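Please read them with the coordinates open.

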Amino acid sequence: MDVLGLGADPVAGELVCSAKGCRSEARWGLLWNNPRLHTPERRKVWLACDDHREHLEQFLGARSFWKQTVPVTDLDRATDQGPDVPTDQEPGRA
Ligand SMILES: [Zn+2]
């Protein structure tokens, strides 16, 4: 399901921050595109916790790759558990 029409790659597995060495639960999805590697519509996704969101945005922004940041709840989830997996069961959701 791509309700927002983001065109972002689905997120597989655990929602863990993409920052190096960080194992925190991701709260944000950073959508980015490297025009040398990806078609313009393509959106790669990095996950970020609250602490690393800004750092990763700056990292991507410095390379002009950053496009958009959205809550992880807005991202497509790639599941291998079959369809109809409830989406209202994220642990730690305050
Ligand atoms: Zn982090």
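1. Which residue in β3 is the bridge partner of glycine 29? Leucine 47 takes that place. The model is a predicted one, and the points below should be read with that in mind. The two strands concerned, β2 (residues 28–32) and β3, are paired in the antiparallel sense, with 5 bridges between them.

2. The sheet around this pair is open and made of 3 strands, ordered β3-β2-β4, with antiparallel pairing. Its edges are β3 (44–48) and β4 (66–71), each of which pairs on one side only. Ignoring direction, neighbouring strands of the sheet are turned by 25 degrees against each other on average.

3. For the chain as a whole, the count is 1 helix and 5 strands. Along the sequence these follow the pattern β-β-β-α-β-β.

4. The largest nonpolar core comprises 16 residues. Ala26, Leu30, Val45, Trp46, Leu47 and Ala48 are those with the most contacts inside it. At least two residues of this core come from each of β2, β3 and α1 (53–62).

5. Alanine 26 deserves a separate entry. Apart from its neighbours within four places in sequence, alanine 26 is in contact with Leu15, Val16 and Cys17, with Leu47, Ala48 and Cys49, and with Val72.

6. Two figures describe the whole chain. Of its 94 residues, 22% count as buried. Among contacts with a separation of 6 or more, 67% are between residues 24 or more positions apart.

Terms used. Residues numbered from 1 in each chain as written. Predicted model: local features only at pLDDT ≥ 70, side-chain atom pairs only at ≥ 80, totals over all residues. Helix = DSSP H or I, 4+ residues; strand = E, 2+ residues; numbered from the N terminus. Buried ≥ 20, exposed ≤ 12 C-beta atoms within 10 Å, placed from the backbone. Contact = placed C-beta atoms within 7 Å. Pairing = 2+ DSSP bridges. Axes fitted to C-alpha atoms, helices over the stretch in contact; angles between N-to-C directions. Core = buried A, V, L, I, M, F, W, Y, C linked by C-beta atoms within 7 Å.
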